[in-house]
Amino acid sequence: MNLPSLWLLQYLIAAGISLAVSFYVIYQEEKSHPPSAALRYLFTFGLSIFVWENLAYLQRSASNLNDAFTYLRLLSISGVLSQSTYLAAVLSIRKKIRVLPLVFLPAWINVCTVPFVSYDFHLTQYGWSYRVAQPSAPLIIAILIYLGYLVATVISLIKLVWEARSKPVSYTHLTLPTN
């Protein structure tokens with residue numbers, strides 16, 4: 001594939017928007033005072049989404065099967081790291097949590113399982129596509145970790161909105177799920 005198709009450009013456009021918003025938010029915050037831990041995690045989340053979108057583009061538009069497979073593995077890693085940084089951002093909004101680094105433990109377990117999941121690839125008009133070749137224990141672990149991050153983030157967001165001190169703060173916290 002020589003030039004990126006319009007279908008593939010969505011990944012690059014989303015990556016650019018994610019990077020721009022991340023830098024804008026951190027730049028606006030640094031004007032008044034040093035960024036909080038939550039803002040640093042949110043910035044890291046934006047960067048990981050930037051990397052994820054670029055890897056999705058590279059995986060789809062890879063010139064051969066081996067490159068597509070390598071990009072898919074990196075894509076899996078960046079995806080779970082973005083989940084963990086978003087959860088860390090949400091958890092660090094209201095209070096400082098000492099065990100916050102433990103949020104990243106499941107992500108590292110998932111990173112260790114990535115090489116053991118096998119995929120079947122095929123070339124489509126939109127680029128390389130894949131499906132899981134066969135269910136395996138590492139795949140089940142990765143799925144459970146994904147679902148765990150999803151549930152933990154939703155519960156944390158609900159708790160954050162519920163415990164807000166005022167209605168305007170509650171409405172501000174309601175914007176977080178739309179990220």
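Author: Gladly! Helices (H or I, at least four residues) and strands (E, at least two) are DSSP runs, numbered from the N terminus. The protein has 6 helices and 2 strands, and along the sequence they follow the pattern α-α-α-α-β-β-α-α. This is a predicted model, where local features need pLDDT of at least 70 and side-chain atom pairs count only at pLDDT 80 or more, while totals for chains, interfaces and linings use all residues. Residues are numbered from 1 along each chain as its sequence is written, and side-chain values use heavy atoms, with hydrogens and water left out.

Of the 179 residues, 37% count as buried (under 20% relative accessible area, 1.4 Å probe, protein chains only).

Now to the second largest pocket. On a 1 Å grid over the protein atoms alone, a pocket is an open set of points where a 1.4 Å probe fits, with protein on both sides within 12 Å along at least five of seven lines; lining residues have an atom within 4 Å of a point. Its volume, the space filled by probe spheres set on the points, is about 160 Å³. The lining consists of Val90, Leu91, Arg94, Lys95, Ile97, Ile155, Ser156, Lys159, Leu160 and Glu163. Helix H3 (65-91) and helix H5 (137-162) are the elements that give two or more residues to this lining, and H5 supplies the largest share, 4 residues.

Note on methods
Buried means under 20% relative accessible area, exposed over 50%, partly exposed in between (1.4 Å probe, protein chains only).
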